[in-house]
Amino acid sequence: MQLNRKAVRFSLIAFPVGVVTSIYLALSNLNAMQQMGVEAPAFVLVLSSLIQIAGLYTLALGYLGYVLSERVGLAPVRTLGKRKAVIALAAGFCCALVMLSDLALFAPVIPQIKATYTRDAFSLPALLFAMLYGGVIEEIMLRLFFLSLLVFLMDRIFDAKRGERPIRPLFFQIANVLAALLFALGHLPATQVAFGTLTTLLVVRSLVLNGVLGWVFGLLYLKLGLQYAMMAHALTHLFNQAILLLFIL
């Protein structure tokens, strides 16, 4: 089978981001384990993180997602345009406001939440990690690969005899909702680590806030292209922290 050169080029361009985020996450986990009195070999943590994030998530899913995206008639990476970039920027700002609604919607009924919003919790390296991992790696996994895979499977299973007709638009919308749901569920382990437990309200919080964000990023991927979903996702983290530091904390 001949390799898709565009897909190879895309995954190789994203690979350095996978490497950087892999190392940062491994060192963060190592530091957390040492604080708990648990000893772990740094080499093993870094290597396993590189294999998972840089190898599997970035290279493998980046390549497969690109191929699947083309198979279902999407243009994975489109030409950059000013109007589309402005839309992505506006989407990132609006998504940051959705994240900040946490203070009004859930903080009053979940006391632990308000305690997490402090200036001491801010870290520039952590912000850069969130922008790179969320904006690039998560978009490759959830939008480029998983969303495209769902469309491909639904088309093959439910519309195998469509011939030359375009894929049903409904399949793309269903796939976007399911990808957003998985995106939200994927944040539950981090929520449990942050709060020490998973209550019904915390699960609802993750499903609502992250689910809305995931749906918006998926819509940008479908309508504009993956790079605009990446841009909006990264800017969401940037705007969220900027608003918190400048106007709230």
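What follows is a chat about a predicted model of a protein.

Visitor: To start with the fold, how many helices and strands does the protein have?
Guide: In this predicted model, the protein has 10 helices and zero strands, and the pattern along the sequence accordingly reads α-α-α-α-α-α-α-α-α-α. The radius of gyration is 19 Å, close to the 18 Å that the globule rule gives for 249 residues, so the protein is as compact as a globular protein of that length.

Visitor: And what box do the C-alpha atoms fill?
Guide: Taken along the principal axes, the box is roughly 55 × 40 × 35 Å.

Visitor: What share of the residues counts as buried?
Guide: Of the 249 residues, 44% count as buried, while the accessible surface comes to about 13400 Å², with 71% of that area belonging to carbon and sulfur atoms.

Visitor: What about contacts, how much comes from residues 24 or more positions apart?
Guide: Among contacts with a separation of 6 or more, residues 24 or more positions apart account for 79%.

Visitor: Switching to helix 7, where does Asn176 sit, and is Asn176 buried or exposed?
Guide: Asn176 lies in helix 7, which covers residues 169–185, and Asn176 counts as buried because its relative accessibility is 0%.

Visitor: Which residues does Asn176 touch?
Guide: Leaving aside residues up to four places away in sequence, Asn176 touches Leu147, Gly214, Trp215, Gly218, Leu219 and Leu222.

Visitor: Which residues make the nonpolar surface patch?
Guide: The patch, of about 470 Å², is made by Leu170, Ile174, Leu178, Leu181, Leu185 and Leu207, and helix 7 gives the most to the patch, with five residues. One of the patch residues is Leu178, which is placed in helix 7 and is partly exposed, with a relative accessible area of 38%.

Visitor: New topic: how many disulfides does a search of the whole structure find?
Guide: The search finds zero disulfides. Cys94 is in no disulfide, and the nearest cysteine sulfur to that of Cys94 belongs to Cys95, 7.0 Å away.

Visitor: Then how do Cys94 and Cys95 count, buried or partly exposed?
Guide: Cys94 counts as partly exposed because its relative accessibility is 46%, whereas Cys95, at 2% relative accessibility, counts as buried.

Key. Residues numbered from 1 in each chain as written. Predicted model: local features only at pLDDT ≥ 70, side-chain atom pairs only at ≥ 80, totals over all residues. Heavy atoms only, no water. Disulfide = S-S within 2.5 Å. Buried < 20%, exposed > 50% of the residue type's maximum accessible area, 1.4 Å probe, protein only. Helix = DSSP H or I, 4+ residues; strand = E, 2+ residues; numbered from the N terminus. Contact = heavy atoms within 4.5 Å. Patch = residues over 30% accessible without salt bridge, like charges linked within 9 Å, V, L, I, M, F, W, Y side chains within 5 Å. Areas by Shrake-Rupley, 256 points an atom, 1.4 Å probe, with all protein chains shown as cover. Salt bridge = Lys/Arg side-chain N within 4 Å of Asp/Glu carboxyl O. Rg over C-alpha atoms; globule rule 2.2 N^0.38 Å.
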